[in-house]
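The sequence and structure come first.

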2 protein chains.
Amino acid sequence: MRTLIKNTTAVTLDAGDHILPDVDLALEGRRILAVGQAPPDFAPDEVIDGREMVAVPAFFNAHCHAAMTLERGWAEDLPFERWLNEKIWVAESALEADDITWGAALAAAEMIRSGVVGFADHYFWMDKVAEVVADSGMKALLAWCHFGIGDDKEVGNVSFEETVAFVETWNGAADGRIHTTMGPHSPYMTPTAVLKRFVAEAQRIGVGAHFHLSESDEQVRNSLERHGLTPPAYVAELGLLDLPRPTLVAHCNAATPEDQSLLAAKGTYVAHTPKTYQKLGMAMPPLPEMLGHGMRVGLATDGPASNSDFNMLEIMRLTGLYWKGALRDPEAMPRTKVLRMTAQTSAAAVGFPESGVIAPGRPADLLLLDTTAPHWIPRHDLAAGIVYTAHPGDVAYVWCDGRLLYRKGEFLTLDIDRISWEAERRAFRMVGKPMRSLRAYAA
Amino acid sequence: MRTLIKNTTAVTLDAGDHILPDVDLALEGRRILAVGQAPPDFAPDEVIDGREMVAVPAFFNAHCHAAMTLERGWAEDLPFERWLNEKIWVAESALEADDITWGAALAAAEMIRSGVVGFADHYFWMDKVAEVVADSGMKALLAWCHFGIGDDKEVGNVSFEETVAFVETWNGAADGRIHTTMGPHSPYMTPTAVLKRFVAEAQRIGVGAHFHLSESDEQVRNSLERHGLTPPAYVAELGLLDLPRPTLVAHCNAATPEDQSLLAAKGTYVAHTPKTYQKLGMAMPPLPEMLGHGMRVGLATDGPASNSDFNMLEIMRLTGLYWKGALRDPEAMPRTKVLRMTAQTSAAAVGFPESGVIAPGRPADLLLLDTTAPHWIPRHDLAAGIVYTAHPGDVAYVWCDGRLLYRKGEFLTLDIDRISWEAERRAFRMVGKPMRSLRAYAA
C-alpha cells in the first residue's frame, strides 16, 4: 500500500522539534518513505488532501484495562474502597469471555478515534483482546493479569500456566503488531514464589513483564515490613527489572528518590495516568522529579472505570496543566515534552520504540488532525493546539503501520454499530440493568 | 416559534436532580412549555428526534475576554511577566475596532459549539461585542474595560464617560439578551476616585460591576499597605458590592476567609477559571472553602490567550478532577455540583438566574448531546458522561431563548467560514505574520 498525503503541515517531533509547512508525506508499506516530496516515481494507491490539517506522530497508551469500558460510568464520585468493592468487583465478577471481546473492541474504537494506535493492556481473557488487536490493525503489548492467589478464576482469570501459554502463543502475532509480556498483578498481591516463576518464564520465552507498582504509601510500608525493601527494590531483587524485554510498571505514585534512580538505571518504563489519580483521589506521582531522575515515563489512561475514557489528547493536556499549576511555573512541562511522552515514550513502553517521529524510514504510525474548527483559529501554534485545544472530533485520519484505520468518522477495521450495541447490552447485563436503549441509567 | 423535542432523556438539574428518560420537551417562544408530554393542541414548527440524545441546561461562561481568541496560541509555556509584556500587550496594542468584531464572533461560535449560550465579557470596543451577541442569538453581560490610568486609549479603550455611555445604550438590548455592567479593570489598577465614579454611575443607571479581584498574595499585600484593607474589603467600602445589580468579580485566588464571608454576604458572584490558573502557574483559589462560606461561584474560561479555548465541558471536568485529587477525596465535587456551577451559578452571574433547569416555565436555554460516540458507551451515568467524557463534537443542538443556534455542525446565526478567515488574518496581522494559511506558525 502506498499513500501520498499532500500539502500538509507536519509536527515531526524530531530531535529539532521541526514543524514543516506545506510538505508531502509518502507512506510505503509499513513505513514513511519520504517527508517533503515523494520520489518522482512514487505511484500512490491513495492520495489524501492534507491542507488545513496537521500531521503528528500517532499516540500510544502505556497502561490500560481496555475491556473495562463496560464499567465506564458505573462507579462515580465514590471513595476508593466502595468504588472497588461495591461496584467494580461486583461488575467484574459477572464478566464472561465474550464480554472482553466487545469491551476491548469498544476501547479500540475509542482509542483510534482519539489518535491512539497502540496500547499496553493488562486484564483477563487476553486471547480475546489479541484477536481484537489483530482485527483492528492496532499495536499492543498484552499481559494476562494473574494474581497468583486463591482461585484466580473468579474474575475470569486462569492458571499461571495458561497465562504463560498466552504469552508464548501470541508474541509477535499480527505481523509483529502484537507483543506479549508477563502479567503478575503486583508485588502487593502476587506472592513472591509466583513472581519468581514469572521471572523464570520471561527469561525462557524472552519477554518482559507489566504490573502495578508503588501506588500508595501504604503499599510501601507493607513492603518494607514484609520484605525490608520498597516495592521497586523488592521487584528488582527478584529479577523483574532485568528481563529480556523492558519491564513496564504502572503508577509509582509513592516511589522514593532511590526507587526513581533504580527504575531509571534499569530502563524500566513507567506509565503515568493523571486523570485516574485525580478522579480516585490518589496521590499524584512526582512526575518532574521522576523525569529528572531519568525515568522513562509514558502517559496513559488506565481503565475507563476510573479514567472515564481513552482520550490521550486529554491526558497530555492534564499533564501539562497539572504541573504548571502545581509548580506555579508556566514553563514546566512544555507542549512538545508532553507530546513526546505520549508519541515516543509511551510507544517505546508498548514495544514500538521506532514510532513517534515523522521522518523517512520510521513506522507509518501517524494521524492528521483537521484544524478548521473554531477552537484552532488562529493557528499561531499547532503544537499548543494539539495539546491544549484539540478534541477527538478533530482527528480526521489515523494510520498504523501504513494502514488507514480511520477516515473522517468512519472506522475502516471495526464495525462500530455492532460494537456499541454489544458493549452496552453486555455492560447492562453485568450490573443487572434492562437493556432499553437510553432508559436504563435512570433506574 | 414552537419546537418539539421527542423521546429524549433530560438531565434536568432540578432540585431533585431528576433524570427523565423518554420525555418530550415542548419549547414555545422563549420558554420551556412542557417536560414529559406536550399539550394535545401543541402545534410545533419544528420536530427534533431526541433519541440517543441527552438534553441538559445550556452552559454559561462567567468571565472571559472573548476577542482574545485572536491571541490563542500566541504566548505558550512562558512565565507570566513575559507572557503579558512581551506577547499579550504587544499583540493587543495592534488591536483595531473591527478586530474585536471578528475575534468575538469566533469566540461566540466556539462557545455555541461547546454548549455555551451566554457569557460575561470584559474587554474593549464592547459595542462591537454587543453587535455580535445580538446577531448570534446568545446572551451576555458586557463590561467595557476601563483602567482609569494614563492614556486609556492605548489598547483600544475610551474615556470613562464613553464606557458609561455604552452601559446606558446597550443595557437590555436584543430583547433583553444583553445586560451591561460597569467595567473597572480592578482595584489594583483603577484609582479610588475612578472606582467611586463607577459606583455613582452604576447607582444612577441601575446596573452592577464586573472586575478582577484578589488574584495574588501580592495584590493583597499592596492593598493592605495602600488602603489598610484586603481588596474585597476595600471594594466593599467603596460601595462596589452594593450596586443595584449583583457585582461579578473574577478569580479571588487570594481571598481570605473573612473576604469569602464578606463576598458571600454581599451576594457577589465570583468567576472561577481553573484552566487559566493552571496554565499560567497561578495559585488555585480555595474553591471548596469558598463554597463552604456560601460564595456564589460560577465556572468560566477567562480569555483564550491563557485558557486556550472556550470549552466549558473541559472547565467542568478540570474542576471536578482537580479537587478530587487535591483533597484526596473522590467524593469531592460531585458531577451534578459542577454541572450546576456552570448551568446555574454562571447563568445567574451573567444575569440570567432563571436559566439552568429543564422545567416548564424556564427559559429555553438548553442543548442536546449526541450520546452515540464510543466514549459514551455504555450509558450507565449520563451526568458523568457530560462531565467526564463529553467533547464539543457531541453537541448536536443548542437553543437560546427557544431559538436554535446550532444544529449538527451547522451554525444557524453565524457565518463560520467568514469568521474563521477574518479572525485568522487579523490575528496574524496583529503579530506581523504573513497570512499564508497554515504556514505562518512555523515562521
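Which residues in α12(B) meet which residues in α13(B)?

## Helices α12 and α13 of chain B

The model is predicted. On the α12(B) side the residues are B:Met312, B:Met316, B:Thr319 and B:Gly320, and they meet B:Arg335, B:Val338, B:Leu339 and B:Thr342 in α13(B). By class, this contact has 4 nonpolar, 3 polar and 1 charged residues.

Helix α12 of chain B covers residues 312-326 and helix α13 of chain B covers residues 335-349. Their axes come within 10 Å and cross at roughly 135 degrees. Angles over 145 degrees would count as roughly antiparallel and 65 to 115 as roughly perpendicular; α12(B) and α13(B) are therefore oblique to each other. The crossing of α12(B) past α13(B) is right-handed.

## Helices α2 and α3 of chain A

In chain A, the axes of α2(A) and helix α3 (residues 126-136) come within 8 Å, with a crossing angle of roughly 35 degrees. Here too the handedness can be stated: α2(A) passes α3(A) in a right-handed crossing.

From α2(A), the contact is made by A:Ala97, A:Ile100, A:Thr101, A:Ala104, A:Ala105 and A:Ala108. From α3(A), A:Lys128, A:Val129, A:Glu131, A:Val132 and A:Ser136 take part. The residues of this contact divide into 7 nonpolar, 2 polar and 2 charged.

## Helix α13 of chain A

How far apart are the end C-alpha atoms of α13(A)? They are 21 Å apart, which agrees with the 21 Å that its 15 residues should span at 1.5 Å a residue. The expected span is 1.5 Å times one less than the number of residues.

Of the 15 residues of α13(A), 14 are buried, so the helix is largely enclosed by the rest of the structure. Buried here means that 20 or more other C-beta atoms lie within 10 Å of the residue's own. A:Arg328 follows α13(A) and has a positive phi, near 50 degrees.

## The interface between chains A and B

Between the two chains, 67 residues of chain A are in contact with 67 residues of chain B. On the side of chain A that touches chain B, the elements giving two or more residues are β2 (19-28), α1 (80-92), α2 (97-113), α10 (274-279), α13 (312-326), α15 (382-388) and α16 (416-430) of chain A. The helix α16(A) gives the most, with 6 residues.

By class, the side of chain A that touches chain B has 32 nonpolar, 16 polar and 19 charged residues. Both α2 and α13 of chain A, described above, are among the elements that contribute to this side.

Definitions and conventions: Residues are numbered from 1 along each chain as its sequence is written. Chains are lettered from A and ligands numbered from 1 in the order in which they are written. This is a predicted model: local features need pLDDT of at least 70, side-chain atom pairs count only at pLDDT 80 or more; totals for chains, interfaces and linings use all residues. Two residues are in contact if their C-beta atoms, placed from the backbone, lie within 7 Å. Helices (H or I, at least four residues) and strands (E, at least two) are DSSP runs, numbered from the N terminus. Ala, Val, Leu, Ile, Met, Phe, Trp, Tyr, Cys and Pro count as nonpolar, Asp, Glu, Lys and Arg as charged, and the others, Gly among them, as polar. Axes are lines fitted to C-alpha atoms, for helices over the stretch in contact, and angles run from 0 to 180 degrees between N-to-C directions. Angles under 35 degrees count as roughly parallel, over 145 as roughly antiparallel, 65 to 115 as roughly perpendicular and the rest as oblique. A crossing is left-handed if the near helix is turned anticlockwise from the far one by less than a right angle, and right-handed if clockwise. A residue is buried if 20 or more other C-beta atoms lie within 10 Å of its own, exposed if 12 or fewer, and partly exposed in between; C-beta atoms are placed from the backbone.
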